[in-house]
Amino acid sequence: MDGAPMIEDGFPAVKLFNQGYSYTYDDVIFLPHYIDFATDAVSLSTKLTRNVELSTPCVASPMDTVTESSMAAAMAALGGIGIIHSNIPASDQATLIRQAKYHKIPFTHEIIFKSPLDSILSADEFSSSPCIFVTESGRENSNLVGRVHKSDWEKLTNKETRISQYMKTSRLSYPASCSFEEIAGYLAKERLDFVPLVRYNGESGDDVANLVTSDDVERIKGFPKLGLPSLDSNGDLLVGASIGTRESDKERLEHLVKAGVNVVVLDSSQGNSIYQIEMIKYVKNKYPNLDLIGGNVVTQYQAQNLIHAGVDGLRVGMGSGSICTTQEVCAVGRGQATAVYKVASIAAQSGVPVIADGGISNSGHIVKALTLGASTVMMGSFLAGSNEAPGTYEYQNGQRVKKYRGMGSLEAMTKGSDARYLGDKEKLKISQGVSGAVKDKGSILKLIPYTMQAVKQGLQDLGASSVQSAHDLLKSGVLRLEVRTGAAQAEGGVHGLFNYEKKSFEGGLVTTYGKK
C-alpha cells in the first residue's frame, strides 16, 4: 500500500478475542482498510475441506426444513454445496443425493413411478408433478416405458383401469448430462411443456433423473447468471450428506457412498466425543478418499481432538442458530464470532478449513465470518422459506411462510434427530431447539448471487481481494476491530424513521417496518 505509514487504531484480533468475552457477529465491527482493486476483482473461491473446492463460500445446512434435493442442486449450481439431512431412512437420503447430483438444472421435481400393471386411484398420487412415469418394475432404477399425463387420467371414467391401457408410450426424453441451454432449446424446438431428463444405466436402460418444465426455463432466464457450478471429477454436481455417530450410521454411510456423495458431515451438536472420534477413524479407514467434516466445535481443544482423529473440515457453532436453545438449556456454547476466530486459528495450523455454522442473518455476518477465519458459512434460517427449501407455503397473518425448525426441537427429534444430541437412548427427551416459520424468500438462485455481491463489497472495503487475503490481513494484524456498544449497534442499523421499507436487492422481497 502506498501513502502514509500505518497508524495504530482499533485492536488486532489476537488481542480483542483474548479478553474473556464471548462475542457474537453483531458485537464486533471491522475498521475499513485500503482499496486498490474493483469489486468484481474479489474472488470468493474457497475450500470446504482439504480436498473439496467451491467457487461460492456457501453451504446449506443438513436440516429437514432446509436441505433436500432441490436445495442441494441449486446450491451446487451456484458454486456452493448443500448437505442433505439424515432425518429420514438411509435409502431415502441416498435417493435425494442421486436426484440432486445427476442433472445440470438447479431444480428438482418430485418424480412419481408406477408399473404398467398399477392403477392410479387418486389425483393425490400425482403430487405436484404434471405426470407419472411408467417403468417396467414401477421403481426408479428401471427402464422407462411410458408416462401418464394428469390431464389424461382425469378423463378416465374408471379410475381402476390399469395404466398399461391408457399410458402414452412415447419415450420422448433428453439426457440429464446436457446443459441448461441445450434443454431449453429442445423444449422450444419440440414445443413441449416438460421433458424427462434421463441418464443411461447400462443394460437396464435409461433412468429418469429429473423433470424440466417450460416454466422452469423461464424462471432461470430471470435469475442472475449462475457462474461456476460445483462439479465432481465426473462432471456431476457436488452433493454432501450428514450422518450420525451410531453403529447404524455405518450402514447409512454405505448407502450414501453408493449414491455418489462427495462429502460427509458428522452431525452432532457437541462433536468432541468418543462416539465421533471413533466414527472418524472408521470412515477414514474404510473410505480414505471420502472427505469428512467433523463437529460441531467451538473451542480449540475440541477442534484439536477432531483434527488429530483425521477430519478434513470442521463445523463451528454451538447454540448460535436462530432456532437453537442449547446455550439456554445446557449452559454451554460460545459467541459465534469468538468461536470462529478461536477454532480457525488452531485449524489453520493443520490446513483444515472451517465452516462457520449458525448466526448468519445478513451479508455483513458472512463478511465477518469469512474474515475471522472461516472458509465457508453454513446457513439454515437464511435459506429456509426459499422456493428450494422443503415444505409447502402457507399464510399466517397475511404473510406467506414456510415451516422452519431446529433439529433439536421435539418435533424433529421424533423423526430421529435426537441422536444428534446424544439423546436417542434416553427415556426423557429434552428439547434444544424450537419450531416456527419464516417468511417467503423467493428463490436462492436470486438471493445468493445478490448476497455474494454484497460480500464482495464488504471484502473490498477491508482491502481483501479474496477469502484467503482476508485471513492473511487479519492474522498479520493489518485488519483491526472494535467492540460495539448497544448504542453503536443501534446506530449501525436503520434508525430515526417513523416507518420504512427494506429491500436488500433489486427484485427482492420488500419488508415494511413501523406504521403505515
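Helices α3 and α7 run roughly parallel to each other, a term that covers angles under 35 degrees. Their packing angle is about 20°, and their axes lie 9 Å apart. The helix α3 spans residues 90-101 and α7 spans residues 248-259, helices being DSSP runs (H or I) of at least four residues and strands runs (E) of at least two. On the α3 side the contact (heavy atoms within 4.5 Å) involves A90, Q93, A94, I97, R98 and K101, and on the α7 side R252, H255, L256 and A259.

The model is predicted: local features need pLDDT of at least 70 and side-chain atom pairs 80 or more, whereas totals for chains, interfaces and linings use all residues. Residues are numbered from 1 along each chain as its sequence is written, and side-chain values use heavy atoms, without hydrogens and water.

K101 of the helix contact also forms a salt bridge with D232, with the closest N and O atoms 2.9 Å apart; the term requires a side-chain nitrogen of Lys or Arg within 4 Å of a carboxyl oxygen of Asp or Glu. Because K101 lies in α3 and D232 in the loop between α6 and β12, the pair ties together parts that are 131 residues apart in sequence. Both residues, K101 and D232, are buried, that is, under 20% relative accessible area with a 1.4 Å probe and protein chains only.

A further salt bridge joins D267 and R315 at 2.8 Å, N to O. D267 sits in the loop between β13 and α8, and R315 in strand β15, 48 residues apart. D267 is buried at 7% relative accessible area, and R315 is buried at 2%.

Notes. Axes are lines fitted to C-alpha atoms, for helices over the stretch in contact, and angles run from 0 to 180 degrees between N-to-C directions. Angles under 35 degrees count as roughly parallel, over 145 as roughly antiparallel, 65 to 115 as roughly perpendicular and the rest as oblique. Buried means under 20% relative accessible area, exposed over 50%, partly exposed in between (1.4 Å probe, protein chains only).
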